[in-house]
Amino acid sequence: MKRVIIGLMIAGTALVAKPYTQADRIADMNKIAESMNIIQSGFFYNNYDTVEAGVDQLTTTIANVKPIQKEAQEQDIMEKFMDEKYQMTNKIVKKISTKSLTILQRFKAGDSAEAVQAYTKIMGQCMKCHREIRHW
Ligand code: HEC
């Protein structure tokens with residue numbers, strides 16, 4: 001009986017999972033912008049722990065980023081457009097995660113030029129999404 005109740009509770013939690021809102025995304029954006037600053041100061045102070053802390057924060061936060069609930073509800077009207085938006089977001093989010101790990105590996109190996117190059121590529125991905133989703 002106990003197990004059934006726990007099972008129901010878990011199922012319940014999954015069903016009422018909080019939607020990803022615009023406020024959530026803005027909070028995540030501020031957090032990843034801060035992560036980029038942390039990584040950058042790790043470069044300048046030549047401090048691996050700082051770079052690692054920034055990369056950790058960036059990879060855990062970017063993993064949450066997706067089209068927000070309001071956009072997801074527009075799916076009926078512009079399904080094709082939304083599919084593209086999801087695909088693009090997933091692709092960019094993945095690229096940012098991979099490049100963050102490159103930063104860590106290259107920086108650890110003493111190759112700061114390559115680490116900075118990966119950092120610049122991440123910035124390019126940030127701006128790509130802003131351009132295409134936000135038209136900034
Ligand atoms: C998947 C698309 C996407 C990616 C990738 C992305 N952004 Fe954003 N960003 C947005 C959107 C959409 C907004 C607008 C948020 C809103 O107002 O709803 C935004 C807004 C922001 C803002 C302004 C937040 C505010 O307080 O208004 C900052 C800062 C930001 N992004 C930084 C970054 C950085 C740094 C990166 C890369 C590490 C990045 N973003 C990558 C989509 C993205």
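Biologist: What is isoleucine 39 in contact with, leaving aside its neighbours within four places in sequence?

Modeller: This is a predicted model, and in it isoleucine 39 is in contact with Val51, Gly54, Val55, Ile103 and Tyr119, once the neighbours within four places in sequence are left aside.

Biologist: And which residues in the largest nonpolar core touch the most other members?

Modeller: That core has 14 residues, and those touching the most other members are Ile39, Val51, Val55, Ile103, Leu104, Phe107 and Tyr119. The elements that give two or more residues to this core are α2, α3 (48-62), α5 and α6, and the largest share, five residues, comes from α5.

Biologist: Back to α2 then, which of its residues are buried?

Modeller: In α2 the buried residues are Ile32, Ser35, Ile39 and Gly42.

Biologist: Where does asparagine 46 lie?

Modeller: Asparagine 46 lies in the loop between α2 and α3, and its phi is near 50°, a positive value in a residue other than glycine.

Biologist: Is asparagine 46 buried or exposed?

Modeller: Asparagine 46 is exposed, because it has 11 other C-beta atoms within 10 Å, and a residue counts as exposed at 12 or fewer.

Biologist: Changing topic, where is aspartate 28 found, and what is it in contact with beyond its neighbours within four places in sequence?

Modeller: Aspartate 28 is found in helix α2, and with those sequence neighbours left aside it is in contact with Thr61, Asn64 and Val65. Aspartate 28 and valine 65 are 37 residues apart in sequence, while their C-alpha atoms are 7.2 Å apart in space. Aspartate 28 is partly exposed, with 17 other C-beta atoms within 10 Å.

Biologist: Now the ligand, which residues come nearest to it?

Modeller: There are 19 residues around the ligand, and Met29, Ala33, Thr89, Cys126 and Cys129 come nearest. The elements that give two or more residues to this shell are α2 (22-44), α5 (79-108) and α6 (112-134), and α2 gives the most, with eight residues.

Biologist: How many residues of each class does the shell around the ligand have?

Modeller: By class, the shell has 12 nonpolar, five polar and two charged residues.

Biologist: Last one, what does the chain's secondary structure come to overall?

Modeller: The chain has six helices and zero strands, so to speak α-α-α-α-α-α from the N terminus on, as the order of elements runs. Of its 136 residues, 14% count as buried. Among contacts in the chain with a separation of 6 or more, 58% are accounted for by residues 24 or more positions apart.

Notes
Residues numbered from 1 in each chain as written. Predicted model: local features only at pLDDT ≥ 70, side-chain atom pairs only at ≥ 80, totals over all residues. Buried ≥ 20, exposed ≤ 12 C-beta atoms within 10 Å, placed from the backbone. Contact = placed C-beta atoms within 7 Å. Near = placed C-beta within 6 Å. Nonpolar A, V, L, I, M, F, W, Y, C, P; charged D, E, K, R; others polar. Core = buried A, V, L, I, M, F, W, Y, C linked by C-beta atoms within 7 Å.
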